[in-house]
Amino acid sequence: MRQTSLRLRAGIVSLTILLVFGLAWHIGVSGSGPTQQMDPEYAKLMGQTAVQGKSAMPGPLDVLAKIWSHLKEPFYDRGPNDKGIGIQLAYSIGRVLLGYGLAMLVALPLGFLIGMSPLMARALDPFIQIMKPVSPLAWMPLALYTIKDSSISSIFVIFICSLWPMLINTAFGVSSVRKEWLNVARTLEVGPIRRAFTVILPAAAPTIVTGMRISIGIAWLVIVAAEMLVGGTGIGYFVWNEWNNLSITNVITSILVIGLVGMILDQALARVARAVSFPE
Amino acid sequence: MSAKFISIEGITRRFEAPDGGMTTVFEDIWFAIARGEFVCMIGHSGCGKTTVLNILSGLDLPDDGAAIVDGKAIEGPSLDRAVIFQSHALLPWRTVLGNVAYAISSRWPKWSRSQVEEQAKRFIEKVGLKGAETKKPAQLSGGMKQRVGIARALSIEPKILLMDEPFSALDALTRGTLQDEVRRICLETGQTVFMITHDVDEAIYLADKIVLMTNGPEAMVAEIVENPLPKERDRNQIHRHPAFYAIRNHLIDFLVSRSKTFKSEIPADYDRRKPPVVLPQNQPQPLPPSHEAGRKVA
């Protein structure tokens, strides 16, 4: 009872904040009426901003109308510079999943190795410590130069930025598996492969998935910037293209869409985290 | 039946001390366990009891000497020797059934799923957990968790059962019930058991022989006490047995004083390879009781 009433109250407050913000936004950008007398022909040339005191910033209703138009036709394709927001999103999500998947293929086995071998942990530590703080976009020129393909380069950038959290968390999770569980496996003469899959992996899974959740968040942050740089397709390119088109409504729309997709990706991994967690 | 099913022959274990030197936990320990015997080891913390058990389980290796089981030196863990851990060490992501089945499928990898489950259920029932098969360890009380640990160890039908203070984390009531059950099961199957405990009454109730360790470091086996109580014993009646207080006083006396002083007053005929075997008997005891209460039989 208390639980639902708290949720309800929070919902009401959220909605109120949204309405107040929307209203303030609406008032803030609406015109203050005719500012000066001028020739109608001249006024047409000057535009609403100069004549009506209206802000160049679109209002919430404009943005809603834009979102509606995108929702009606998300996947249209009218040439390289005019694709539906759904197509652009699909490009970005595809790149993120590809780069992220490749990072998983590398980070999980390598993390296992580092976690199980104190020697490898020490030997690889300096490389990881130096590479980890590098902004993934700093890799872009090197990627473009070696790969010579902008789309694959952005996948590489996603790969490199997803790698570190997964690698570090996997190594940490594997190395901190409780000794007593390993001893159980040892007294039962469980072989190394079976031990890895039946004891170490389930024991380290919550830590590993936490790393994966951090990675997907970073990957989604980075893809927008990477696509702004390399251009062509993707939601990042879309934002930059609409900025060049001076379509602020589209820029705001994409911000909302980027946030929404990021939230969905995060929630998906939160679900995985719940599935692999175990109470002690 | 070999009188020396398990033979501990001159084992020594040293660890690196924090100051860089070596600490000898125990040195040149000899004792033997016959098939079907229930042996308890008693000593204060730091005497290396757990290390002895780890060497028997194969999780640790001695620096000198050897632990020999059935004519073969122990070189690593084996499914022939099951361990019941003090902390129960259940895999928390597996159910009760899953934990027991994990051990069984390690023991008999070729068994079918239904064979494994059948065996697991049989042993879960044996420790009185029928109906809790699908529960996760986190949903169980401490006593129930340890029951699962016992079921897991017994289900692989080991030649030797090793127990490291299995009941010390439990409340007194649960401890009593579990002792009864372990005793019943071990008697039924003629299980060879080596158990470490702090608890004198637990040792008297369960053990055939009790190995007394002096205080560490450089601990040694002071003597081996034979339990004068009959094999058939009843928890509620044993204190009426004429020899009960003889052995109890003897053990407590050892823990209180002799475990400290033994090393400084080693008897002239003491032989590390054959620690004296003592059978405490009911006889008029001087107050306070001293170690003369024990009569040497070896």
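Okay, housekeeping. This is a predicted model, so local features need pLDDT of at least 70 and side-chain atom pairs count only at pLDDT 80 or more, while totals for chains, interfaces and linings use all residues. Residues are numbered from 1 along each chain as its sequence is written, chains are lettered from A and ligands numbered from 1 in the order in which they are written, and side-chain values use heavy atoms, with hydrogens and water left out.

Let's start with the interface. On the chain B side, 21 residues are in contact with 17 residues of chain A, contact being heavy atoms within 4.5 Å. The area buried between the two chains is about 1,800 Å², and carbon and sulfur atoms give 66% of that. Buried area here is the accessible area, with a 1.4 Å probe, that two parts lose on being put together, summed over both. Which three residues lead on the chain B side? They are Leu59(B), Trp93(B) and Tyr102(B), which supply 35% of the area that chain B buries against chain A, more than any other three residues.

Helix H2 of chain B, residues 96-107, gives the most to the side that touches chain A, with four residues. Helices (H or I, at least four residues) and strands (E, at least two) are DSSP runs numbered from the N terminus.

On to the aromatics. Over all chains, the structure holds ten aromatic pairs. Rings of Phe, Tyr and Trp (its six-membered ring) pair if their centres lie within 6.5 Å; planes under 30 degrees apart are stacked, over 60 edge-to-face, and the rest tilted. Phe21(A) and Trp25(A) make a tilted one, 6.0 Å centre to centre with 40 degrees between the planes. Both sit in helix H1 of chain A, residues 2-29, four residues apart, or about one turn of the helix. Phe21(A) is exposed, at 54% relative accessible area; the cut-offs are buried under 20%, exposed over 50% and partly exposed in between (1.4 Å probe, protein chains only).

Over in chain B, Phe31(B) and Phe194(B) are stacked, 5.9 Å centre to centre and 25 degrees between the planes. This pair links distant parts of the chain, strand S2 (residues 22-33) and strand S8 (residues 192-197), 163 residues apart. Phe31(B) is buried at 5%, and Phe194(B) is buried at 0%.

Strand S8 also holds Thr192(B), which is buried at 1%. A polar atom of the Thr192(B) side chain lies 2.8 Å from the backbone nitrogen of Gly36(B). Beyond four places in sequence, Thr192(B) touches residues including Phe5(B), Ile33(B) and Lys159(B).

Last one: Leu229(B), in the loop between strand S10 (221-226) and helix H7 (244-261) of chain B. Leu229(B) is buried, at 5%. Leaving out neighbours within four places, its contacts are Ile204(B), Ile238(B), His241(B), Ala243(B) and Phe244(B).

Notes:
A polar contact is a pair of N or O atoms within 3.5 Å; within protein, one must be able to donate a hydrogen and the other to accept it, and residues adjacent in sequence count only if both atoms are side-chain atoms.
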